Amino acid sequence: QVQLRQSGGGLVQPGGSLTLSCAATGNIESVNAMAWYRQTPGSQRERVAYIATNSSTTYADSVKGRFTISRDNDKVFLQMNRLKVEDTAVYYCNAEGMIMGASPFDSWGRGTQVTVSS
């Protein structure tokens, strides 16, 4: 079983910065893609940033130029700069890969609240 442990988040003023971290632990053989999603009440979860095994990245248009996703082995980070009120959401980490025995996994973190407010 693979667990994703998230840290970071909190309250920040508009224009400020936050960094989210997520570490995958468990009986992991390999972690392939990792991503960050966010969700607000009444809305569907949306992907904001994605990083592949080869470190190629994609971003939602709403965060391009402000957010940066990076990874270090089985950890993924989201650096969020120039935060806006509309970035307020619960942020979730996601990882896909293989566990020992060649079975695939697709796991989610528990979510962390990011609130941008003056």
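1. One aromatic pair is present in the structure. The criterion is ring centres of Phe, Tyr or Trp (its six-membered ring) within 6.5 Å, with planes under 30 degrees apart called stacked, over 60 edge-to-face and the rest tilted. A pair of aromatic rings is described by the distance of the centres and the angle of the planes.

2. On provenance: this is a predicted model, where local features need pLDDT of at least 70, side-chain atom pairs count only at pLDDT 80 or more, and totals for chains, interfaces and linings use all residues. Numbering runs from 1 along each chain as its sequence is written, and side-chain values use heavy atoms, with hydrogens and water left out.

3. Arg45 deserves a look. Its charged end sits over the ring of Trp108, at 4.7 Å from the centre. Arg45 also lies over the face of Tyr92, 3.7 Å from that ring centre. A charge sits over a ring here if NZ of Lys or CZ of Arg is within 6 Å of the ring centre and within 35 degrees of the ring normal.

4. Next, strand E4. Residues 28-39 form E4, which pairs with E9 (residues 89-99) through nine antiparallel bridges. Tyr37 has Tyr92 of E9 as its bridge partner. Pairing requires at least two DSSP bridges between the strands. Strands are DSSP runs (E, at least two residues), numbered from the N terminus.

5. E4 also runs antiparallel to E5 (residues 46-51), joined by five bridges. Met34 stands opposite Ile51 of E5. Six residues separate the strands of this E4-E5 hairpin, and Gly42 has a positive phi near 80 degrees.

6. E9 has a further antiparallel pairing, with E10 (residues 103-108), over six bridges. Within it, Asn94 has Trp108 as its bridge partner. The E9-E10 hairpin has three residues between the strands. Gly101, in that turn, takes a positive phi of about 100 degrees.

7. Now the disulfide. A search of the whole structure gives one, the criterion being cysteine sulfur atoms within 2.5 Å. Cys22 is joined to Cys93, S to S 2.1 Å. The torsion about this S-S bond of Cys22 and Cys93 is about -80 degrees, so the disulfide is left-handed. Cys22 belongs to strand E3 (residues 18-26) and Cys93 to strand E9, so the pair ties together parts 71 residues apart in sequence.

8. Are Cys22 and Cys93 buried or exposed? Both are buried. Buried means under 20% relative accessible area, exposed over 50% and partly exposed in between, with a 1.4 Å probe and protein chains only.

Methods. Helix = DSSP H or I, 4+ residues; strand = E, 2+ residues; numbered from the N terminus.
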